[in-house]
Amino acid sequence: MRLAVVILAAGQGTRMKSRLPKVLHPLGGHPLLTYSIATARALIEAPLILVIGHGAEAVREIAGSQVTIVVQPEQLGTGHAVLQTESVLADVAEAVLVVYADMPLIRTETLRRLAEAHAVGGSPITLLTISADNPRGFGRIVRDTTGRVSAIVEEAQATPAQLAIRELYTGVACYDATWLWPHLHRLPLSPSGEFYLTDLVALAVAEGRSVQALSADDPEEMIGINTRAHLAEAEAILRRRINHRWMEAGITLIDPSTTYIQDTVEIGPDTVILPNTHLWGQTRIGAECRLGPNTIVRDTTIGDRCRVEASVLEGALLEDDVDVGPFAHLRPGAHLARGVHMGNFGEVKNSYLGPGTKMGHFSYLGDATVGQNVNIGAGTITCNYDGERKHPTIIEDGAFIGSDTMLVAPVRVGHDAKTGAGAVVTHDIPPGSVAYGVPARVKG
Ligand code: UD1
Ligand code: CA
């Protein structure tokens with residue numbers, strides 16, 4: 001059986017009250033839409049159709065080349081949206097699985113079970129349903145006195161008795177293609193002025209066909225995002241899934257409910273993550289580290305046995321046994337070699353700190369290359385910007401930079417040289433010498 005998947009993403013998402021199309025709102029740091037595409041692609045590679053409409057240009061950009069795009073020019077309802085795919089799929093697919101792009105948490109395995117049930121069921125429609133106490137605005141599954149599915153009633157059109165039904169339509173269904181296309185043309189206009197895909201059920205039943213319902217077992221998978229409150233619920237579920245996976249993999253999360261790890265992050269075994277820690281983007285963390293509390297790490301690589309406390313790291317590289325914080329800020333291009341110690345209120349940008357170098361308190365290093373076993377005294381600053389251009393500072397191995405030294409770049413401090421407290425260094429300092437004063441002069 002040749003299966004096609006159709007993902008509907010044309011709606012505006014009015015209930016989000018946003019200028020951004022609903023399917024582009026971020027969930028776990030990725031646009032909502034990317035989840036249903038990835039889930040569908042894990043089931044089949046093609047034909048995979050994405051129906052877009054509202055905010056089409058922006059949505060198209062995010063969708064990329066992995067899907068065939070069909071535009072629904074006017075958003076006249078879910079039935080009308082699927083109808084737009086007829087010309088692309090009519091001669092291609094024998095079965096069509098329809099999912100909504102606002103259901104990011106559904107698993108590939110669930111889609112597979114539905115497609116398999118449909119293939120053997122003999123009904124023109126197989127619905128994925130869920131029984132849940134909170135109906136969340138879902139369509140209700142109406143059954144006749146013999147227990148057969150007779151219709152899906154949307155919440156807006158439901159009678160009080162139907163509103164009490166707790167068997168709900170998830171928004172996922174599989175259709176026989178030869179049955180689907182002619183019947184989509186026959187959908188009635190609903191009282192809301194839309195063509196509801198869900199009205200196909202009543203059409204099938206009116207023709208004496210049976211409609212199959214497969215019950216899904218995990219209500220969390222079925223969350224549809226219609227409002228910002230739904231988005232927050234989905235975020236919490238996604239976070240729980242990711243955190244659970246890391247704990248299973250041997251990572252300690254002291255408080256998973258305040259630990260935020262994007263699905264792009266990698267973490268080595270026996271690392272401990274303390275509360276309120278955010279790990280984002282292309283971040284790789286080694287084994288036996290201790291991160292947090294109150295730490296943000298973005299696009300950063302951290303080696304083994306590092307400690308980072310209450311700090312912000314962005315685009316940085318930490319080798320093994322590095323110790324950072326509290327209250328440090330590493331910016332893009334910061335590279336801390338093995339065993340570096342960076343204490344409180346320091347900032348490092350686009351700079352290399354060699355092995356064993358220490359920068360304890362209140363310092364800024366920008367565009368600097370620092371050798372090994374250098375001591376950066378409290379309050380040291382690289383004056384790297386003259387108002388127009390950035391300039392480099394070089395500090396060679398074993399140098400001792402006295403407290404409150406201003407290094408006016410471009411400038412070089414030779415190996416094992418020293419600067420006195422408060423020195424303003426405007427010229428290179430030869431190796432092994434001592435410079436002090438304002439502007440700094442070499443002693444002796
Ligand atoms: C829909 C179902 C409801 C189900 C629920 C599950 C219908 C009529 N109702 O309601 O039974 O319980 O999902 O989440 O199908 N869309 C288009 N073009 C349109 C209209 C919508 O592409 O003209 C897309 C939207 O972008 C969205 C999806 O279809 O991704 C569902 O639309 P939405 O308005 O969210 O439907 P619900 O009210 O949630
Ligand atoms: Ca929805």
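Let's start with salt bridges: between domain 1 and domain 2 there are two of them. Do keep in mind that this is a predicted model. One salt bridge joins the side chains of Arg 240 and Glu 220, with a nitrogen-to-oxygen distance of 2.7 Å.

Let me step back to the domains themselves. The assignment puts domain 1 at 3-222 and domain 2 at 228-442, and their C-alpha centres are 48 Å apart. In terms of contacts, 16 residues of domain 1 touch 14 residues of domain 2. Together the two domains bury about 1,400 Å², and carbon and sulfur atoms account for 53% of that. Which three residues supply more of the area that domain 1 buries than any other three? Those are Leu 105, Arg 136 and Glu 220, with 37% of it. You'll remember Glu 220 from the salt bridge with Arg 240.

Ligand 1 is surrounded by 25 residues, and the closest are Gln 72, Gly 77, Tyr 100, Glu 154 and Tyr 169. Glu 154 places an N or O atom of its side chain 2.7 Å from a ligand oxygen. The backbone takes part as well: a polar backbone atom of Leu 8 is 2.9 Å from an oxygen of ligand 1, and for a backbone N or O atom of Leu 76 the distance to a ligand oxygen is 3.4 Å.

Last topic, and one to look at if you're checking backbone geometry. As a rule, most peptide bonds are trans, and most residues other than glycine have a negative phi. Here, the bond from Ala 46 to Pro 47 is cis, with omega near -10 degrees, and Pro 47 sits in the loop between H1 and strand E4, at 48-52. The bond from Gly 325 to Pro 326 is also cis, omega near 5 degrees. Pro 326 belongs to the loop between strand E24, at 323-324, and strand E25, at 329-330. Then there's Asp 321: not a glycine, yet its phi is positive, about 60 degrees. You'll find Asp 321 in the loop that runs between strand E23, at 317-318, and E24.

Thanks, everyone!

How values were computed: Residues numbered from 1 in each chain as written. Chains lettered and ligands numbered in written order. Predicted model: local features only at pLDDT ≥ 70, side-chain atom pairs only at ≥ 80, totals over all residues. Heavy atoms only, no water. Domains from an automatic or database assignment. Contact = heavy atoms within 4.5 Å. Buried area = accessible area lost by both parts, 1.4 Å probe. Salt bridge = Lys/Arg side-chain N within 4 Å of Asp/Glu carboxyl O. Near = heavy atom within 4 Å. Polar contact = N/O pair within 3.5 Å; in protein donor to acceptor, adjacent residues only side chain to side chain. Helix = DSSP H or I, 4+ residues; strand = E, 2+ residues; numbered from the N terminus.
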